[in-house]
Amino acid sequence: MIHDLWYKHTVIYNLDLETFMDANGDGVGDFEGLMRRIDYLYSLGIDTIWLSPFQPSPNRDNGYDIKDYYGVDPRHGSLGDFVEFMNLAHNRGIKVLLDLVVNHTSDQHRWFQEARKDKSSPYHDWYVWADEPPPDLRFESVFPGAVDGTWSYDEKAGAYYFHRFYPFQPDLNTDNPDVRTEIRRIMGFWLQLDVQGFRVDALPFVLESLAQHELAEGKGKPAVHFEYLREMRDFLQWRRGDAILLGEANVAPDQMRPYAGNGSDGLHMMFNFYVNQYLFYALATGEVQPLIEALEATRILPSCGQWAYFLRNHDELSLDKLTQQEQEKVFAAFGPEAEMRAYGRGIRRRLAPMLGDRRRIELAYSMLFALPGTPVLYYGDEIGMGEDLRLPERMAVRTPMQWADEPQAGFSTAKKLVRPVIKTGPYSYRQVNVASQRRDPNSLLNWMAAMIRLRQECSEIGLGAWRVVESGSPCVLALLYEWQGAYLMTLHNFSPQPQQVEIDLEVEGGDTLDNLLVSGQSQADDSGKHCLTLDAYGYQWHRVGTPRYILERERA
């Protein structure tokens with residue numbers, strides 16, 4: 001059963017070829033560089049790699065403006081290099097997920113160039129056009145403050161085209177059956193090259209219907225067509241039964257369930273943006289009750305579905321689901337300066353400089369691994385990389401990987417890089433790099449490898465049932481997991497002060513706790529409660545009692 005649901009007990013690592021490792025010395029990362037570093041990921045304990053877009057692109061949006069879905073950008077290598085990488089990954093038991101970016105294309109894509117030539121072109125209806133932007137479809141851009149509006153006029157077409165993102169990324173019309181057929185071809189192409197599934201970019205916009213909307217009259221609001229998600233799932237499972245869809249959908253809890261469907265006709269996995277935002281609220285304030293409420297509010301997936309949890313990623317840390325008062329507290333703690341913020345809703349910083357304190361960084365990642373779902377890591381966070389706020393918008397967190405205290409951080413031998421490395425301050429490559437941390441037994445890198453190993457030993461988290469246990473402290477979150485008669489409890493103290501808690505587990509064998517991080521046991525007192533002390537920003541992982549199947553075997 002575990003292997004049938006591999007995505008429930010994996011650790012996902014997201015990287016961008018462009019900034020991971022450059023092997024040929026041209027200043028841009030490539031597949032050859034990734035292949036040279038795959039054993040680093042293997043030794044770290046990573047068993048799933050999520051690759052950001054690497055297809056041919058004008059690269060005006062970090063590769064998310066794709067102009068050919070069936071190739072590899074020459075800057076990164078060739079399809080042959082991709083296949084060689086897949087072979088290496090397969091030999092090490094590492095699965096690979098690709099970004100499926102089908103909400104929009106580059107405006108340089110052949111489809112759009114044909115679409116704008118002539119309204120009679122078969123590609124014209126692959127995009128969304130209007131003679132005048134309908135009043136109620138003047139949506140705010142995904143990037144408010146950076147992009148003005150969602151309709152742009154094309155001189156050649158003599159019409160306006162719709163774009164949720166930048167003007168050079170026209171939206172595809174997924175109401176068009178020909179577009180859906182092409183998307184199936186794209187999925188089938190990469191599945192045939194052995195990828196294990198897709199992270200679906202901007203999924204709500206992929207499913208949004210605009211072409212059937214009465215544009216001229218400007219009536220109503222776009223509908224979200226979940227039957228198209230079912231089509232994608234059916235095709236994926238038909239082509240490869242163990243492949244998955246991981247959806248990016250930053251929606252409120254009451255809108256989440258349709259994306260998961262009944263477990264067999266929706267997403268396998270979905271990013272939990274809602275819990276992510278309240279996790280940062282807890283880190284900022286020390287209050288865990290809002291985080292508990294967020295966890296309970298998202299307890300909506302079918303049994304075979306799974307949440308993907310993360311701390312930071314390649315985008316800004318969005319706070320759009322928090323109340324204004326909650327946002328202000330998080331901004332004050334982690335983004336106090338205007339240059340640290342983006343789009344009026346988020347923070348464009350890496351985790352390590354936001355938290356600062358090594359204890360809080362460990363707390364945050366221990367909490368990530370303890371959440372009821374699958375953890376997703378962002379490249380460089382395992383060594384505590386920082387951001388470069390001189391770079392625009394989200395580029396601040398997309399600097400080259402810091403491999404060593406060498407020129408260009410060991411990322412490349414080129415004099416000019418696709419993006420500058422961080423050269424000054426406490427997060428420069430001289431201070432923060434893989435080589436030095438690998439040799440330091442107390443480094444964040446070695447701590448992270450140990451925590452990944454611990455997480456992969458605790459199948460209860462990915463597969464089991466969970467509940468919040470009363471800790472008696474407003475700063476401590478206690479989670480209890482059960483799977484196949486085995487129990488696991490994690491405790492996390494979000495306060496800068498030590499906390500004493502009393503835990504009553506009320507489960508068989510619950511009078512004994514085995515600490516999984518340090519040597520020692522805890523025995524319940526006469527009332528059946530465990531009295532435990534957590535350090536400031538402390539965390540504990542405990543195996544609870546003896547698994548039921550062992551007890552039953554002993555009784556027999």
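## Report on a predicted chain

Aspartate 194 sits in the loop that joins α6 (177-192) to β7 (197-200), where helices (H or I, at least four residues) and strands (E, at least two) are DSSP runs numbered from the N terminus. This is a predicted model, in which local features need pLDDT of at least 70 and side-chain atom pairs count only at pLDDT 80 or more, while totals for chains, interfaces and linings use all residues. Residues are numbered from 1 along each chain as its sequence is written, and side-chain values use heavy atoms, with hydrogens and water left out.

**Loop residues**

Aspartate 194 has a phi near 85°, a positive value in a residue other than glycine. Glutamine 484, which is not a glycine either, also has a positive phi, of about 50°, and this residue lies in the loop between β18 (476-483) and β19 (486-493). As background, most residues other than glycine have a negative phi. A further loop residue, lysine 529, is placed between β22 (521-523) and β23 (530-534).

The table gives the accessibility of these residues, with the classes defined by relative accessible area as buried (under 20%), exposed (over 50%) and partly exposed (in between), using a 1.4 Å probe and protein chains only.

| Residue | Relative accessible area | Class |
|---|---|---|
| Aspartate 194 | 32% | partly exposed |
| Glutamine 484 | 53% | exposed |
| Lysine 529 | 31% | partly exposed |

Not counting residues up to four places away in sequence, lysine 529 touches Glu502, Ile503, Asp504 and Ala524, where contact means heavy atoms within 4.5 Å. Lysine 529 and glutamate 506 are 23 residues apart in sequence, and their C-alpha atoms are 8.9 Å apart in space.

**A buried leucine**

Leucine 454 belongs to helix α16 (residues 444-457), and this leucine counts as buried because its relative accessibility is 7%. When neighbours within four places in sequence are left aside, leucine 454 is in contact with Leu516, Leu517 and Trp541. Aspartate 265 is 189 residues from leucine 454 in sequence, and the C-alpha to C-alpha separation of the two is 32 Å.

**The pair α10 and α14**

The axes of helix α10 (residues 273-285) and helix α14 (residues 358-370) come within 12 Å and cross at roughly 150°; such axes are lines fitted to C-alpha atoms, for helices over the stretch in contact, and the angles run from 0 to 180 degrees between N-to-C directions. The two helices are therefore roughly antiparallel to each other, a term used for angles over 145 degrees. At this pair, Leu279, Leu283 and Ala284 of α10 meet Arg360, Leu363, Ala364 and Met367 of α14. By class, the contact holds six nonpolar residues, no polar ones and one charged residue, with Ala, Val, Leu, Ile, Met, Phe, Trp, Tyr, Cys and Pro counted as nonpolar, Asp, Glu, Lys and Arg as charged, and the others, Gly among them, as polar.

**The chain as a whole**

The chain contains 18 helices and 24 strands, and 63% of its 556 residues are buried. Its C-alpha trace spans about 80 × 55 × 50 Å along the principal axes. The radius of gyration is 24 Å, which agrees with the value near 24 Å for a compact globule of 556 residues; this radius is taken over C-alpha atoms, and the globule rule is 2.2 Å times the number of residues to the power 0.38. Among contacts between residues at least 6 apart in sequence, 69% join residues at least 24 apart.

Technical notes. Parallel < 35°, antiparallel > 145°, perpendicular 65-115°, else oblique.
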